[in-house]
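Here is a short briefing to read alongside the sequence and the 3D view. Please have both open as you go through the points.

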Amino acid sequence: MHNIRKIEDIKIKNPILIEGLPGIGNVGKIAMDFMIDNLKPKKVYEIHSDRFPHAVFVNEQNLVDLPTIRIFHKRVKDQDYLFLAGDVQPIDEASCYEFCNKILDIMQDLKVKEVITMGGIGMQKVPENPQVYCTGNNKKIIDKYKSQQINCNIYGIVGPIMGVSGLLVGLAKYRDIPSIAILAETFGHPAYVGMKGAGAILNALNKKLDLGLNLDQLHKDIKGVDTEIKAKREQQQKAQQQQQKKPVKKADTNYIG
């Protein structure tokens, strides 16, 4: 059961919903967290659920918080935006469908005009310059968002789009809400942090929607991560070279059997 608590009433007109939750490389979540830190939107809904993971998070005050998904609001240059953010996704297929339909119920009540979801495309190698792709539930919204930064030729590049990022777009079609998924290449390893992919999505959406995001800090963070990764690679290569130089000891040939 989803417990949806309204924090405060808001007056908005034709809002656009942008979603970014944990997923491959955490691309969508990183992009969403950056938007929230940058734009300072107001929290308007808070969602708890027994369909979220059975765990709690320890916060900076050393206290526990239940898994929570939140909806924020911000008006940017006469356009209202809603931001769907959180640290978790629903735990299974049935709860994901239920959650997405609940979100779309709220969006219909608020007369949302578009839904944008963000996520990653898992690659076998770390992409140096991640490409951004899009797919949607009708051709008009794809034509609106395709650009030099966003490639709409995604067929064969991505498999099924799992979780909220996929289902929101698919289910919104049956409510006549134009919706699009913006996806960036990232490394498919579970431990990889897809900051470059998130940066590529933010660059593209910042230009398309004129959000006024200051991406300087994100670019600095990406450079810092790149430097750290390169240093670790060099250390690993040196260790391998030293290992190869060591003389190989002859193994004892006494066997029992």
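Leaving aside neighbours within four places in sequence, which residues is L205 in contact with? They are M35, I116, M118, Y145, I182, D210 and L211, where contact means heavy atoms within 4.5 Å. Please keep in mind that this is a predicted model, in which local features need pLDDT of at least 70, side-chain atom pairs count only at pLDDT 80 or more, and totals for chains, interfaces and linings use all residues. Residues are numbered from 1 along each chain as its sequence is written, and side-chain values use heavy atoms, with hydrogens and water left out.

**The nonpolar cores**

- A nonpolar core is a set of buried Ala, Val, Leu, Ile, Met, Phe, Trp, Tyr and Cys residues joined through side-chain atoms within 4.5 Å; buried means under 20% relative accessible area, exposed over 50%, and partly exposed in between (1.4 Å probe, protein chains only).
- The largest nonpolar core has 39 residues, and those touching the most other members are I18, M35, I116, I182 and L205.
- There is also a second, separate core of 28 residues, with V44, F99, C100 and L171 among them.

**Strand β7 and its partners**

- Helices (H or I, at least four residues) and strands (E, at least two) are DSSP runs, numbered from the N terminus, and two strands pair if DSSP finds at least two bridges between them.
- In β7 (79-86), 8 of 8 residues are buried.
- Q79, Y81, F83 and A85 point one way from β7, while D80, L82, L84 and G86 point the other way.
- On the parallel side of the pairing, β2 (residues 16-20) joins β7 over 5 bridges, and L17 stands opposite L82.
- The strands β6 and β7 run antiparallel, joined by 8 bridges, and R70 has A85 as its bridge partner in β7.
- A hairpin is formed by β6 and β7, with 2 residues between them.

**Two residues with positive phi**

- K77, in the loop between β6 and β7, has a phi near 50°, a positive value in a residue other than glycine.
- With 57% relative accessibility, K77 counts as exposed.
- N14 sits in the loop between β1 (2-6) and β2, and its phi is near 45°, again positive in a residue other than glycine.
- N14 is partly exposed, at a relative accessible area of 39%.

**The pockets**

- On a 1 Å grid over the protein atoms alone, a pocket is an open set of points where a 1.4 Å probe fits, with protein on both sides within 12 Å along at least five of seven lines, and lining residues have an atom within 4 Å of a point.
- The largest pocket holds about 460 Å³ of space, a volume being the space filled by probe spheres set on the points.
- Its lining has 27 residues, and Q89, I161, M162, G163 and S165 lie nearest the centre.
- Strand β8 supplies the largest share of that lining, 5 residues.
- The lining of the largest pocket divides into 16 nonpolar, 9 polar and 2 charged residues; here Ala, Val, Leu, Ile, Met, Phe, Trp, Tyr, Cys and Pro count as nonpolar, Asp, Glu, Lys and Arg as charged, and the others, Gly among them, as polar.
- The second largest pocket holds about 230 Å³, and of its 13 lining residues the closest to its centre are K29, T68, R70, G86 and D87.
- Helix α1 gives the most to the lining of the second largest pocket, with 3 residues.
- The lining of the second largest pocket divides into 6 nonpolar, 2 polar and 5 charged residues.
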